[in-house]
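Welcome! Have a look at the structure first.

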Amino acid sequence: MNPLHLFYAEPDPDRWLLGDRYPRRWIRRLIRGPARISGHQRVFLNLCAGLDRLKIPYRVNDYRSLQHDPQEIACVLGKDHLLQRSWTHPILLGPAIFSHPTDDPQLMQRLPVKQIVVPGEWVRQLWQPYWGDRIKAWPVGIDTDLWTPNPEKEIDILVYDKVRWCRDKYESELITPIHFRLQQLGLKVVTLRYGAYEEAEFHTLLQKSRAMIFLCEHETQGIAYQQALSCNVPILVWDRGGFWQDPMYFPERVQFAGVSSVPYWDDRCGLKFATVEEFAEQLDAFLDRQSGFVPRDYVLENLTLEKSAQQYVDLVQQMRQSDG
């Protein structure tokens, strides 16, 4: 099999002077330590890890090698700064390029994009009216050898708080009542706030936790909650549904209903609630059934590094055949 040509880079532009990104990068690392792995970078790294396990060859950012075969597929992942090049090869684009087709309405006229992958089915439905059947849902895999169960538990509930918008409203109407109820039950609770932790810290907490409560308006894929599932930690999830809430788009630019906080999920993973009124009842049912959930089985069936990488390779092969 011909190597895949993967293209990925974190955005790091010059700020004040030509080339100043290089010393700024060194100073940041000196002051803050190693940079956190972003969600986009995690997608790229996990795809590479899956390809490694399948022993499928690939090259990263090898523009010179790509030029030897004008029909080869350029697999472009990451942020949209990668699209500023003058691409001539057929492109498999995504995921994580941008949030919505209206960010780049002339994309198809400007570049030879043949297929676009997005992280999940509801995102595919969101994008489909703009770019039709070119949109494919593809989830990156979870490292099930790293995110493994641990029988030694000391935390009853890990609350993963990823509420991003209308924070004051949800703080009083959702988050505080949830914590009050957990306190009433005398449960040992630890809260983790999205964007304020290192991945290793999350891993350590999952190893110690019997269950997790996941609070997020909606997720395109939700790698963090899937890492929890891989650790066989069942989840009680706030799945409010309704409209895509990103204030950059809603309600003026885009109104799309049908989102989910857990786009990859079945009954083995845990329970859901949509409102704070439902929470107390579902919490009781969740705690009663807690030992009966087997979320890791779901991940092993659907979201391993190998399965995800093979699905990605299949997309590339289909493109090669259709362009051949």
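Which residue lies over the face of tyrosine 63? Arginine 85 does, at 3.6 Å from the ring centre; a charge sits over a ring if NZ of Lys or CZ of Arg is within 6 Å of the ring centre and within 35 degrees of the ring normal. This is a predicted model, where local features need pLDDT of at least 70 and side-chain atom pairs count only at pLDDT 80 or more, while totals for chains, interfaces and linings use all residues. Residues are numbered from 1 along each chain as its sequence is written, and side-chain values use heavy atoms, leaving out hydrogens and water.

**Charge over a ring**
- Arginine 164 places its charged end over the ring of tryptophan 165, 4.5 Å from the centre.

**Aromatic pairs**
- The count comes to 20 aromatic pairs (rings of Phe, Tyr and Trp, its six-membered ring, with centres within 6.5 Å; planes under 30 degrees apart are stacked, over 60 edge-to-face, the rest tilted).
- Tryptophan 122 and phenylalanine 256 are stacked, because their ring centres are 6.3 Å apart and their planes at 20 degrees.
- Tryptophan 122 counts as buried at 5% relative accessibility (buried means under 20% relative accessible area, exposed over 50%, partly exposed in between, with a 1.4 Å probe and protein chains only).
- Phenylalanine 256, at 14%, counts as buried.
- Tyrosine 170 and tryptophan 238 pair edge-to-face, 5.1 Å centre to centre with 65 degrees between the planes, and both are buried.
- Ring pairs join Trp147, Tyr160, Tyr197, Phe202, Phe214 and Tyr225 into a cluster.
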